[in-house]
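Please examine the structure shown below. The paragraphs that follow lead from a single residue to the core and the sheet.

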Amino acid sequence: MKTNIKIEAINIKKVFNRTTVFSNISFILEEGSALAIAGKNGSGKSTLAKIIAGVLTPNAGEFIFSINDKEIALVNRFKYLGFVSPYLQLYEEFTALENIQIYSGVRKLNFNNKNLSSLFTKVGLFDRKGDPVRTYSSGMKQRLKYAFALLHQPPLLILDEPRSNLDSDGISIVYDIVKEQKQKGSVIIATNDKEDLQYCDSIIDLNVKVNNSNK
Amino acid sequence: MEKYNYKSSTLTIFMKDFRSELRTRYALNALLMFVITTLSIIMFAIGQESPSVEILAGMLWIVIFFSAMSGMSRSFVSEEERGTVMTLHLIATPASVYFGKLIFNLVLMISMNIFTVLLYFLVIPNFVVRSFDVFVITMFLGTVGLSCSATIIAAIIAKSTTKGTLYPVLSFPILLPLLLAVISATKMAIEGATIRLASGEFQILASYILVITAASYILFDYIWKD
């Protein structure tokens, strides 16, 4: 089901220990588009991705997250987005299937066997879904994070370093997910990879933003 | 294929922690070892002596307080150490996380206190409770109060670098009113007081639980963010 998502950031600023990571970040993301967050290491790509996800709070600026012209409160933002990043950790003592069952339980989703099977097939983990996550390679864990992010079919997908630890098959799955997501909602990709940037319609370059803010 | 049919996010978080604890035994082992070691030391220290009612009641709650301090911080500390805090941020509201962790700590503490009290009865022959109903109510209210405080303090200290030291230090002033009331009520239970006589202590304990739970619910949003 298509949801009319709109994200508007106005003069977002983040400070860590008196160091300004970035300031004056403004953008609008509309339905059906992909936005790239680019910048050198330490420029704040992941920080901005976390702020958009509602995990971090900006020190200044306004962030409007709306679905069908209705503003979504910060506390409910997690319901409308999926997040994938190398630093996101899943529960290693559980199997991949148990992890997904826990997440769907917490999200109160009516998930049946068919949905679960198609999700695991999509990310290429169907045959290993019963194995504990601690036995997974880093690439398999990254694939499982895509299952975690897509579980509730969110209108917004935030991908921080989307190709991290993935083989060529995995990268191809990611690009298929990005193309599919653009049909259903929006995508934000925090990356420096030129190939990733080709899938995006607009780019926020944090190097430029930082330079501007320092002038 | 196993299917989840938990009615709420809170219960799923509780079940996740419960199953995780059964597999990893992070808190369970720490609590068990602490209770057994402390009671052994008390047993050898007492020897053939007959300590007073006040000392017996106080010693029981010292064991319970420090065993809680050794195990109950795990609920949030293990999420922080494993880096799964962000995962929880991305799937649940702060209220679901708080109450899920609270129920887990409550279940853990009730089980541990039943074990502690049974062992205490076994190794301390002088520990005779004359008013069993007062004792059961005291233990229940004390355990609930301890779990409520320990959960919110665990959430606060989970982000600090000196978790182990900070936990009992921060807990002590917050738990002092509760400890004084439960020690007094336990003493009354040993002496054979009626429920009516101990009702003042029970009112203090019930008020403490209400205040701590309400304050924790309001504060948790701020603690959980950033």
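This is a predicted model: local features need pLDDT of at least 70, side-chain atom pairs count only at pLDDT 80 or more; totals for chains, interfaces and linings use all residues.

Two residues are said to be in contact when heavy atoms of theirs lie within 4.5 Å. Leaving aside neighbours within four places in sequence, A:Leu156 is in contact with residues including A:Ile5, A:Ile7, A:Leu29, A:Ile52, A:Phe65 and A:Val187.

In soluble globular proteins, nonpolar side chains tend to be buried together. The largest nonpolar core here has 145 residues, and among these A:Leu144 and A:Leu156 touch the most other members. Helix 7 of chain B, residues 132–157, provides the largest share of this core with 13 residues.

Attention now turns to the sheet. Strands of a sheet pair through backbone hydrogen bonds, either parallel or antiparallel. Chain A contains an open sheet of five strands in the order 6-7-8-3-9, and the pairing is parallel. Strand 6 (81–84) and strand 9 (202–205) of chain A each have a single partner strand, so they stand at the edges and one side of each has no neighbour in the sheet. On average, neighbouring strands of this sheet are turned by 15° against each other, direction ignored.

One of the pairings joins strand 3 (residues 34–38) and strand 9 of chain A through four bridges in the parallel sense. Within it, A:Ile37 has A:Ile204 of strand 9 as its bridge partner. Helix 5 (residues 168–184) of chain A packs on the sheet and touches strand 3, strand 7 and strand 8 (186–190) of chain A. The direction of helix 5 makes about 140° with that of strand 8 of chain A. Helix 4 (residues 138–150) of chain A lies across strand 6 and strand 7 (156–160) of chain A, and runs at about 170° to strand 6 of chain A.

How values were computed:
Residues are numbered from 1 along each chain as its sequence is written. Chains are lettered from A and ligands numbered from 1 in the order in which they are written. Side-chain values use heavy atoms; hydrogens and water are left out. Two strands pair if DSSP finds at least two bridges between them. Helices (H or I, at least four residues) and strands (E, at least two) are DSSP runs, numbered from the N terminus. Axes are lines fitted to C-alpha atoms, for helices over the stretch in contact, and angles run from 0 to 180 degrees between N-to-C directions. A nonpolar core is a set of buried Ala, Val, Leu, Ile, Met, Phe, Trp, Tyr and Cys residues joined through side-chain atoms within 4.5 Å. Buried means under 20% relative accessible area, exposed over 50%, partly exposed in between (1.4 Å probe, protein chains only).
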